[in-house]
Amino acid sequence: MNASPRAILLMGPTASGKTGLALALAQRYPVEIISVDSALVYRDMDIGTAKPSAAEMASCPHHLIDIINPTEAYSAAQFCSDASRLIGEINARGNIPLLAGGTMLYFKALREGLSDLPEADPALRAQLDQEAAEHGWPAMHARLAKLDPATAARLAPNDAQRIQRALEVIILAGQSLSSLHARGREDAAPFDMLPLALIPSDRAWLHQRIALRFQMMLDAGFLDEVSALRQHYPALNLALPSMRCVGYRQAWEYQDGLYGMTDFIDKGVAATRQLAKRQLTWLRAMDKIEIDCLMPDLLSPACGAIDHWLTRSR
């Protein structure tokens, strides 16, 4: 066998069918699934994150799901540490790690290593939040575009969390986030990885799926879930990373009476579409084997690629 630990990567935008394909692959291969999703790490956030059901998670081992409370934070560095450890442990058990999800920064960090980025500065973040409250996040995005055009180009003008972080890095490090990411570190994971990506050949199809899934979340009790979170975690607020997950901020603001149901749905669907757009932008720059997620049979091309990879790595 190849001396290097092996792992399959299953990437793709939200609503592209990653969970279904991962579970189907688990019926064909001795895999354990490692979630690559910055939202699935949170406990009690099930409906709005499209978290696999208890039955689905019981069908094969799952990792990095429900590991922290919504009042806590989880970073790309923590993910790399956890995922690297799990990949080694799963290989040692004779199984294959299947890393599935849509948080492209986590995939990139695992494959290429992390830059030495400055830690968060609460005082500076409060200052940036105050400036955004006065001028708006599109104005902050315009400011970022002058300082770090590469990072600004992949962020939506209202992507508060990422705009804030990019500006914070520039101020603290004196260098742009894009330049630090490009430099990387010599700590890229030494794994033999097979990168598969579900890419829609028709963006309109993905938009329809996103709208349908958002409505299904509402029907499943998404707003009740957000109410329960607010009651169970008194320290929860919109500044926390968990409440910046798409859908949750919009649900919170709807419950605070900032807009009605129709606007809430429109804003939630629009935010999810923006997320998908960012994910596809990340994917375009990544080395991967593409599978059109509009195909009626996703399993065959995925299995073909995996079988070839397994044969080559023996």
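How many Å separate the centres of domain 1 and domain 2, taken over C-alpha atoms? I get 24 Å. I keep in mind that this is a predicted model.

**Entry 1: domains**

I looked up the domain assignment. Domain 1 comes in two stretches, written 6-113 + 188-312. Domain 2 is given as 122-184.

Next I checked the contacts. On the domain 1 side, 7 residues touch domain 2, and 7 residues of domain 2 touch back. The area buried between domain 1 and domain 2 comes to about 770 Å². Carbon and sulfur atoms give 54% of that area.

**Entry 2: charges across the interface**

I counted salt bridges between domain 1 and domain 2 and found 1. I also looked up the salt bridge of R278. Its partner is D159, and the closest N and O atoms are 3.5 Å apart. That passes, because the cut-off for a salt bridge is 4 Å. In general, side chains of opposite charge can pair when their charged atoms come close.

For polar contacts across the interface of domain 1 and domain 2, the rule finds 1 residue pair, with both residues at pLDDT 80 or more. Which helix gives the largest share of the side of domain 1 that touches domain 2? Helix α13 does, residues 261-284, with 4 residues. I sorted that side of domain 1 by class: 3 nonpolar, 2 polar and 2 charged residues.

**Entry 3: the sheet**

I traced the sheet next. It is open and has 6 strands, in the order β3-β2-β4-β1-β5-β6. The pairing is parallel. In general, strands of a sheet pair through backbone hydrogen bonds, either parallel or antiparallel.

Which strands are at the edges? They are β3 and β6, the latter at 289-292, and each pairs on one side only. I followed β3 to its partner. Strand β2 spans residues 31-36 and pairs with β3 in the parallel sense over 2 bridges.

**Entry 4: H62**

Strand β3 covers residues 62-63, and H62 is in it. What stands opposite H62? I33 does.

Then I listed the contacts of H62, leaving aside neighbours within four places in sequence. They are L23, I33, E56 and M57. So I33 is both opposite H62 and in contact with H62, given the 4.5 Å limit on heavy atoms.

The side chain of H62 also meets backbone oxygens. A polar atom of the H62 side chain lies 2.8 Å from the backbone oxygen of C60. The backbone oxygen of M57 is reached at 3.4 Å.

**Entry 5: salt bridges overall**

I finished with the total for the structure: 15 salt bridges. One I looked up joins the side chains of R85 and E89, at 3.6 Å from N to O. Where do R85 and E89 lie? Both are in helix α3, residues 76-92. The spacing is 4 residues, about one turn of the helix.

Key. Residues are numbered from 1 along each chain as its sequence is written. This is a predicted model: local features need pLDDT of at least 70, side-chain atom pairs count only at pLDDT 80 or more; totals for chains, interfaces and linings use all residues. Side-chain values use heavy atoms; hydrogens and water are left out. Domain bounds come from an automatic or database domain assignment. Buried area is the accessible area (1.4 Å probe) that two parts lose on being put together, summed over both. A polar contact is a pair of N or O atoms within 3.5 Å; within protein, one must be able to donate a hydrogen and the other to accept it, and residues adjacent in sequence count only if both atoms are side-chain atoms. Ala, Val, Leu, Ile, Met, Phe, Trp, Tyr, Cys and Pro count as nonpolar, Asp, Glu, Lys and Arg as charged, and the others, Gly among them, as polar. Two strands pair if DSSP finds at least two bridges between them.
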